[in-house]
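Reader: I am new to reading protein models, and I would like a close look at a single part. Could you take me through the salt bridges, step by step?

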Amino acid sequence: MDHSENGRVPNAPENGISEQDFQYNKADDKTDKKEEENVESIEKIFESKEVPPWKNQLTFRAFAVSFVLGILFTFIVMKLNLTTGIIPSLNVSAGLLGFFFVKTWTKFLEKSGLLKQPFTRQENTVIQTCVVATSGIAFSGGFGSYLFGMSDVIAKQSTEANDGQNIKNPSLTWMIGFLFVVSFLGLFSVVPLRKIMIIDFKLTYPSGTATAHLINSFHTPQGAKLAKKQVRTLGKFFSFSFLWGFFQWFFTAGDGCGFVNFPTLGLKAYENRFYFDFSATYVGVGMICPYLINVSLLVGAILSWGIMWPLIGDRKGDWYSAEYSSSSLHGLQGYRVFIAIAMILGDGLYNFFKVLGHTIFGLYHQVRDKNSRSVLPVGGHSSPTDSLSYDDQRRTQLFLKDQIPIWVAVVGYVSIAIISAATLPHIFPPLKWYYIVVIYIFAPTLAFCNAYGCGLTDWSLASTYGKLAIFVIGAWAGASHGGVLAGLAACGVMMNIVSTASDLTQDFKTGYMTLASPRSMFVSQIIGTAMGCVISPCVFWLFYKAFHDLGVPGSQYSAPYALVYRNMAILGVEGFGSLPKNCITLCYVFFIVAVVINGIRDIVGKKWAKFIPLPMAMAIPFYLGAYFTIDMCIGSLILFIWEKIDKAKADAFGPAVASGLICGDGIWTLPSSILALAGVNPPICMKFLSRKSNAKVDAFLT
């Protein structure tokens, strides 16, 4: 689905980095080769196993397991949202843990003689779809970006547009209501096009294909044995990561305390945010993300915090007033935030037009292809299968068997559009009903473009469409009519539509390859989305109430992209007049640099592109610092050495180790939040001082 492998860093949403912005999945490049090498038919292996009717694929145990895993992964995604915004794909973890839990459940029932329905790969696909749909709302819901960017906590960090009409503080009721009226439109918008995408155009959807290969392998005898070992490995590193998070908690009794503030590379490097912060989460993320992303992050960190910010800092009093603190947007912070925005927009717009070009070019040739129909087939008619392999014939037959009537999609889309156009202006008064109607008129086309482009490139550009909505609707509303709040709300509407559209189409591809019914996929996505609309706001609310410095720069959960998105809205409404001296010039330079680097990467081809950094990844540490990039590079280094020692084992167990590290540290945030709410504080503050500062403290104490 959305989210990294995208596994979601192929589908993951992004807080600046979309499941789609990071969709460089190792599995993606290998998918076609695997299919060519796999001489034996996959469906002949499963020929003796009956495919259950679509209603039997939707079991109580599947949704019970999905609910538990959905909560687990929502905590993980929420923590990543509120720290650095880099969200890897969790599809492999969802498929693996879903397989393990239900397999354990069915074995227990089998021994007790109560098993009525065996565990199938179709049910496994339903679980994976539901879990990723649930946790995906934590990304597309904007809790670390546009939605939290509406709050007064973030507004106070800007001197512009921080009046009442441009502020909307979080509340559990309106957040749940907002998500329910905007999160389902994307699902209905692409349902009529599922046959075109999967059967007629045969789009690749590398992440969906890779997930299908994984689930198919789990349900062979050999795959089941390997899955057990992988789950055992995941469990070991989950336990280690959870206990390591618990141990670190004891040393965080005050600001700047604990292992997360350990000056591992020296105090001077620490001042410039170069240090290893002992985060198991980001070591795990580094093991999942491709090497190129991690190296790009490090290059960006060195360029910004190692070179640019110290040089610009020396211009204090000239380029910007010495009166401003380092966190003021009129001071050094302004350069950090807006140059990062310029690179993100340059990269996003380049890839938007690139994928749009692929889409138009691909569609033109698909429609013109002699072997295609002259009219695009949207109904339930079967395509000729004479030239198809046995696998494709079997999959096409079952994929076309359970149709979702087009009238269901049309009625669903129109009904929800009417409801949301009527209710959203009450939640966000500056977002007028006619803004929403215009968005919904264009949304199906944009959802189709995103889903089609994702099928070709595995890139979901949900965040880019959201940023375009910020500028268009924000400028339309105007500064004096709450344009900032209107732009952020419009971003949420657009992101939810195009993100869920590409996610559902990815799942249709997975279902096609595992013989799961399109109806069961659609129902699973609907149920998972509904669960996410409740679970994600509740998890965010827990963070919001437990950590009183949420969103404050330099805090544990600084929500960096909330400020980035708010400042994009301010730029769209008020222009560039408030930027510090020479900041706009540097923004232009880095916007162009991002476009040029992307162009060079495409010109030189895959062989050399793997040595050229990604501008989107380079931009992230410009604002945040280098600490998490060091964690991720250590994760890459561990995987690199492991692959040199035993590549087969690293390939088999690397994702399980990484998932264990991410899950354990992520789920520790639940008990730590509960402790904070209960007023239980850590007993020790571990802080690091220079020799001179330490001497002053000793002198004061004695």
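Author: A residue counts as buried when its relative accessible area is under 20%, as exposed when that area is over 50%, and as partly exposed in between. With those cut-offs in hand, we can turn to the model, which is a predicted one, and which holds eight salt bridges.

Let us begin with Asp 665, which forms a salt bridge with Lys 79, the closest N and O atoms of the two being 3.0 Å apart.

A second pair to consider is Arg 395 and Glu 43, whose side chains meet in a salt bridge with an N to O distance of 3.3 Å. Because Arg 395 lies in helix H17 (residues 390-399) and Glu 43 in helix H2 (residues 42-45), this pair ties together parts that are 352 residues apart in sequence. Arg 395 counts as buried because its relative accessibility is 6%, and Glu 43 is buried as well, with a relative accessible area of 1%. These two residues are also part of a network of salt bridges, in which Glu 43, Arg 121 and Arg 395 are linked.

The pair formed by Lys 647 and Asp 651 has its closest N and O atoms 3.1 Å apart. Here both residues sit in helix H28, and because they are four residues apart in that helix, they are separated by about one helical turn. Lys 647 has a relative accessible area of 45%, so it is partly exposed, and Asp 651, at 37% relative accessibility, counts as partly exposed too.

Note on methods: Residues numbered from 1 in each chain as written. Predicted model: local features only at pLDDT ≥ 70, side-chain atom pairs only at ≥ 80, totals over all residues. Heavy atoms only, no water. Salt bridge = Lys/Arg side-chain N within 4 Å of Asp/Glu carboxyl O. Helix = DSSP H or I, 4+ residues; strand = E, 2+ residues; numbered from the N terminus. Buried < 20%, exposed > 50% of the residue type's maximum accessible area, 1.4 Å probe, protein only.
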